[in-house]
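Reader: I have a model open on my screen and would like to know what lies behind the labels. Could you take me through them?

Author: Gladly; here is what we will both be looking at.

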Amino acid sequence: MISTAVGFAQEGDSTATYKKRVLENTEVDFLASYYTQEGDNAAVSGGVGTEHLTNVTPTVVVSIPLNADDVLTIDGEVSAYTSASSSNINPFDGNKPADPFVASSGASSSDTWTNLTGTYSHSSDDRNNIWSAKLAVSTEYDYFSLGFGGSYTKLFNEKNTEVSINANVYLDNWKTIYPFELRPFENGGNGLNNSLFRSYNITGNQNYSPDFVALDKTNRNSYSLGLGFSQILSERLQGSLALDVVQQQGLLSTPFQRVYFKDVEDSFIQNFQLADDIERLPDNRFKIAVGGRLNYYINETFVLRSYYRYYTDDWGIRSNTASIEMPIKVGQKFTLYPSYRYYDQTAADYFAPYEEHLSTEEFYTSDYDLSEFNANQYGFGVTYTDIFTQFHLWQFGLKSIDVKYHYYERNTGLTANIIAAGFKFVLD
Amino acid sequence: MIKRILFCFLIAGYFSSCTAVKEYEKVKINDPDMVLSTKGVDRFETNFQAYREAAAGANGGKTGGGCGCN
């Protein structure tokens with residue numbers, strides 16, 4: 001009788017002090033993707049030329065519970081790409097006739113982007129308040145970025161409602177790399193006396209004399225503020241709204257993207273047209289994106305996931321994005337993910353195709369990522385889940401495997417394929 | 001634009017005043033496929049879209065900065 005009473009007392013005490021850990025065990029995600037694209041509107045060669053690109057991205061994400069309330073997440077990503085259009089920053093490699101539709105073999109044909117992000121999050125005892133802070137460092141041959149930010153999330157209404165606010169700052173710096181033929185025309189350059197023009201004959205307008213002024217800014221600062229709201233609407237339905245406001249300042253153009261003017265005579269070396277200038281864009285951009293998600297649990301087999309976003313900025317771009325995904329559970333361990341995404345955008349005020357800009361304009365680009373287009377994306381994925389983590393690698397149990405494939409096509413002709421995979425392990 | 005955004009958040013506020021779903025009623029809501037964020041493996045898809053498209057943000061992905069993208 002007495003022992004039973006003590007048992008109840010102990011149970012009561014433990015219930016009062018028990019706090020479920022935010023993250024029970026260390027989790028490790030091994031992720032990777034392979035991306036390839038094809039197109040004929042390379043921005044490096046002024047809107048005409050191969051856009052062939054491949055990219056491999058191995059990634060590791062480690063989430064470590066520091067105690068019951070705090071989690072540290074380390075995210076390391078390496079993105080290695082080869083790009084035919086980037087290779088044509090210098091198309092005069094001497095191996096093959098220079099041509100915007102043929103990749104060159106220069107140093108700029110490949111590069112590696114490396115990112116390391118650390119995020120620390122803290123949850124209150126009742127799990128209704130979550131704070132997080134983030135620090136990110138990224139580097140590439142011609143690019144360095146330092147980012148930091150923080151967020152606060154508040155849950156209430158019996159955890160049916162969630163509001164959040166986040167702010168991020170990215171301080172980026174470019175090493176300006178210009179198209180090879182323009183470099184002799186920088187201030188102090190030797191112009192047509194450069195060895196490039198002594199090694200190759202210029203055809204078309206032989207008096208090639210671009211009015212090239214080097215960029216005076218090499219930094220890009222991005223400040224973003226995000227608001228989030230999510231709500232459980234019924235036992236089967238929940239949705240969310242997100243608002244992101246972004247202000248960017250500094251070098252917002254890409255220094256090695258060429259532009260050809262229709263009021264300037266054309267000059268060529270072999271099959272490659274020499275640049276009239278690099279793209280010029282304003283040094284400010286203000287963006288607003290509003291998005292909403294709505295997920296509906298149809299039954300034990302089907303879930304419907306939907307998303308819509310409206311985007312606008314002060315460069316004249318307006319965009320709609322809508323996507324739908326329907327997870328289909330097949331047995332206890334497998335889920336299939338067919339998906340479809342539609343995207344459209346209007347052109348930036350500063351965009352015009354090859355040879356349609358005038359040299360008298362202040363801003364210009366022939367980057368088709370800033371053109372008017374619509375795109376369709378079709379996807380399919382499979383997830384394997386083992387809640388018992390029976391397969392082990394050292395002390396880590398395999399929790400899930402995700403594989404997803406997407407095919408993307410624009411009405412401008414660009415197509416892309418991306419396959420991604422993820423393995424989630426949990427420390428025993 | 002500002003009015004539209006405010007309208008959306010007002011609608012959201014209206015829904016937040018609905019009767020709360022109790023913890024023991026959240027079996028379906030807690031299904032892994034019902035989460036309102038994207039999965040880790042989806043980050044690559046979001047990243048390439050941030051490079052190839054002018055629009056970004058409001059999807060849990062990049063909004064600008066920290067990459068060579070727009």
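Author: Let's start with a rule: two strands pair if DSSP finds at least two bridges between them. Keep in mind too that this is a predicted model.

Reader: How do you know that E6(A) and strand E7 of chain A pair?

Author: E6(A) and E7(A), the latter covering residues 143-156, share 12 bridges in the antiparallel sense. At least two are required, so the two strands count as paired. One position to look at is A:Lys134, which stands opposite A:Gly149 in E7(A). The hairpin joining E6(A) to E7(A) runs through two residues.

Reader: What makes strand E5 of chain A a partner of E6(A)?

Author: Bridges again: E5(A) (residues 110-123) and E6(A) (residues 129-140) have 10 bridges, and the sense is antiparallel. A:Leu116, for instance, has A:Val137 in E6(A) as its bridge partner. This hairpin has five residues between the strands, and A:Arg127 in it takes a positive phi near 65°.

Reader: How do you know that strand E13 and E14 of chain A pair?

Author: They have two bridges, in the antiparallel sense. The rule asks for at least two, so E13(A) and E14(A) meet it. A:Phe268 has its bridge partner, A:Gln273, in E14(A).

Reader: Why are E9 and E14 of chain A called edge strands?

Author: In the open sheet of three strands, the order is E9-E13-E14 (chain A), with antiparallel pairing. Strand E9 (202-204) and strand E14 (272-273) each pair on one side only, and that is what the name refers to.

Reader: Why is A:Glu300 called exposed?

Author: A:Glu300 has 9 other C-beta atoms within 10 Å. Exposed means 12 or fewer, so A:Glu300 qualifies. You will find A:Glu300 in the loop between strand E16 (284-297) and strand E17 (303-313) of chain A. Its C-alpha atom is separated by 9.9 Å from that of A:Val330, 30 residues apart along the chain.

Reader: What makes a group of residues a nonpolar core, and which residues have the most contacts inside the largest one?

Author: Its members are buried residues of nonpolar kinds, joined through C-beta atoms within 7 Å. The largest core has 40 residues, and those with the most contacts inside it are A:Ala289, A:Ala348, A:Tyr350 and B:Ala55. Strand E11 (237-250), E16 and E17 of chain A each give two or more residues to this core. A second, separate core has 13 residues, among them A:Phe373 and B:Phe48.

Reader: Which residues does B:Ala55 touch?

Author: Leaving out residues up to four places away in sequence, B:Ala55 touches A:Ala289, A:Tyr311, A:Ile317, A:Ser319, A:Thr321 and A:Gln345.

Reader: How many residues of chain B are in contact with chain A, and what are they like?

Author: On the chain B side there are 39 residues, in contact with 68 residues of chain A. Helix H1 (2-16) and helix H2 (43-52) of chain B each give two or more residues to that side. H1(B) supplies the largest share, six residues. By kind, the chain B side divides into 20 nonpolar, 10 polar and nine charged residues.

How values were computed. Residues are numbered from 1 along each chain as its sequence is written. Chains are lettered from A and ligands numbered from 1 in the order in which they are written. This is a predicted model: local features need pLDDT of at least 70, side-chain atom pairs count only at pLDDT 80 or more; totals for chains, interfaces and linings use all residues. Helices (H or I, at least four residues) and strands (E, at least two) are DSSP runs, numbered from the N terminus. A residue is buried if 20 or more other C-beta atoms lie within 10 Å of its own, exposed if 12 or fewer, and partly exposed in between; C-beta atoms are placed from the backbone. Two residues are in contact if their C-beta atoms, placed from the backbone, lie within 7 Å. Ala, Val, Leu, Ile, Met, Phe, Trp, Tyr, Cys and Pro count as nonpolar, Asp, Glu, Lys and Arg as charged, and the others, Gly among them, as polar.
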